[in-house]
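Morning, everyone. Please have the sequence and the model open while I talk. I'll go through a few elements and then the charged pairs.

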Amino acid sequence: MRVVRPTVIVLAAGKGSRFQGDTHKLEQDIGSVSVFGSTLKHVIASHLPLIVVTTEGLEPSARRLVAARDVVVVPEAGARSDKRMGMGFSIASGVSARPDAPGWLIMPADMPLIQPSTLLAVARALEHHPVAYAQYKGRRGHPVAFASELYSELVMLTGDEGARRLTARYPAFGVEVDDPGVLIDVDTPEDLTVVRACQAEHAVQHPLS
């Protein structure tokens, strides 16, 4: 019998305005891959289904690793005056693309250190909880996951608020993981320096991974 598993929605449609530079933060190199590439490779390694919600400019980067059917292109957040655009709209677009999934893990593309085992642990928690999230040493992080019963509310999300009101409304279960990457994103050049150092340390400790 085929096991239907939650879908990981990788959010890659933000402007990344806090990151100053000519190259989008997701296309910055961290070792042998980009931030975006590292995130996608970890999701692919989990063997969970995935959807990438991205912009026209970043679509080629997504298509290098992900099939066209698994890429949803939306307007860049902040590129239009339409207040509906933003993280909430990206989440709704991803969920709408996989309406029959038993749940969805929301995965920011700028968190390239989150490990496949973490994604699987959070996915398993959806079997017993409507909302689950990864945490490291008690600190709340990503991904955040939602069960299929919340579909009708997820597809109505708009703007920049994301799904915070849903995590406040429904009981959320924290999945403790041995993965500090659940707390580390790339918003600034300083963050990128930290991620590069972590990636280099991991490469030394696990040269064949």
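Let me start with a definition: buried means under 20% relative accessible area, and exposed means over 50%. Keep those cut-offs in mind for strand β7. This is a predicted model, by the way.

So, β7. The strand covers residues 131–136, and six of its six residues are buried. In a regular strand the side chains alternate between the two faces of the sheet. Which residues of β7 are on each side? Val131, Tyr133 and Gln135 are on one side, and Ala132, Ala134 and Tyr136 are on the other. They are all buried, so both faces of β7 are covered by that under-20% cut-off.

β7 has two strand partners to look at. With strand β8, residues 139–147, β7 pairs in the antiparallel sense over five bridges. Gln135 stands opposite Arg140 of β8. Two residues sit between these strands in the hairpin, and Lys137 there takes a positive phi near 50°. The other partner is strand β9, residues 172–176, which runs parallel to β7 and is joined to it by five bridges. Here Ala134 has Val175 as its bridge partner.

Ala168 lies in helix α6, residues 164–169. Buried or exposed? Ala168 is exposed, because its relative accessible area is 67%.

Stepping back for the overall numbers. The protein has seven helices and nine strands. Of its 209 residues, 51% are buried. Take the contacts with a separation of 6 or more: 69% of them are between residues 24 or more positions apart.

Now helix α1. With 12 residues at 1.5 Å a residue, α1 should span 16 Å, and its end C-alpha atoms are 17 Å apart, which agrees. The helix is mostly covered, with nine of the 12 residues buried. Among them are Val35, Phe36, Leu40 and Val43. Just after α1, His47 takes a positive phi of about 65°.

Pick out His42 in this helix, which runs over residues 35–46. His42 counts as buried because its relative accessible area is 17%. What does His42 touch, not counting residues up to four places away in sequence? The answer is Pro112, Leu113, Ile114, Gln115, Pro116 and Leu119.

Next, helix α3. Gly94 is in this helix, which covers residues 87–97. Gly94 has a relative accessible area of 0%, so it is buried. Leaving aside neighbours within four places in sequence, Gly94 is in contact with Ile9, Ile51 and Val53. The C-alpha atoms of Gly94 and Thr7 are 9.3 Å apart, although 87 residues separate them along the chain. Other buried residues of α3 include Ser90, Ile91 and Val95. What do the buried residues of α3 pack against? They pack against β1, β4, β5, β6 and α5.

Last topic: charge. Side chains of opposite charge can pair when their charged atoms come close. How many salt bridges does the structure hold? Five.

Asp110 forms a salt bridge with Lys25, with the closest N and O atoms 2.8 Å apart. Asp110 is in the loop between β6 and α4, and Lys25 is in the loop between β1 and β2, so the pair ties together parts 85 residues apart in sequence. Both residues are buried.

Lys25 also forms a salt bridge with Asp187, where the closest N and O atoms are 3.1 Å apart. Asp187 lies in the loop between β9 and α7, so this pair ties together parts 162 residues apart in sequence. Asp187 is buried, with a relative accessible area of 19%.

Then Arg169 with Glu153, whose closest N and O atoms are 2.4 Å apart. This pair links helix α6, which holds Arg169, to helix α5, which holds Glu153, across 16 residues. Arg169 is partly exposed at 46% relative accessible area, whereas Glu153 is buried at 17%. Back to the shared partners: Lys25, Asp110 and Asp187 are joined into one network.

Definitions and conventions: Residues numbered from 1 in each chain as written. Predicted model: local features only at pLDDT ≥ 70, side-chain atom pairs only at ≥ 80, totals over all residues. Heavy atoms only, no water. Helix = DSSP H or I, 4+ residues; strand = E, 2+ residues; numbered from the N terminus. Buried < 20%, exposed > 50% of the residue type's maximum accessible area, 1.4 Å probe, protein only. Contact = heavy atoms within 4.5 Å. Expected span 1.5 Å × (residues − 1). Pairing = 2+ DSSP bridges. Salt bridge = Lys/Arg side-chain N within 4 Å of Asp/Glu carboxyl O.
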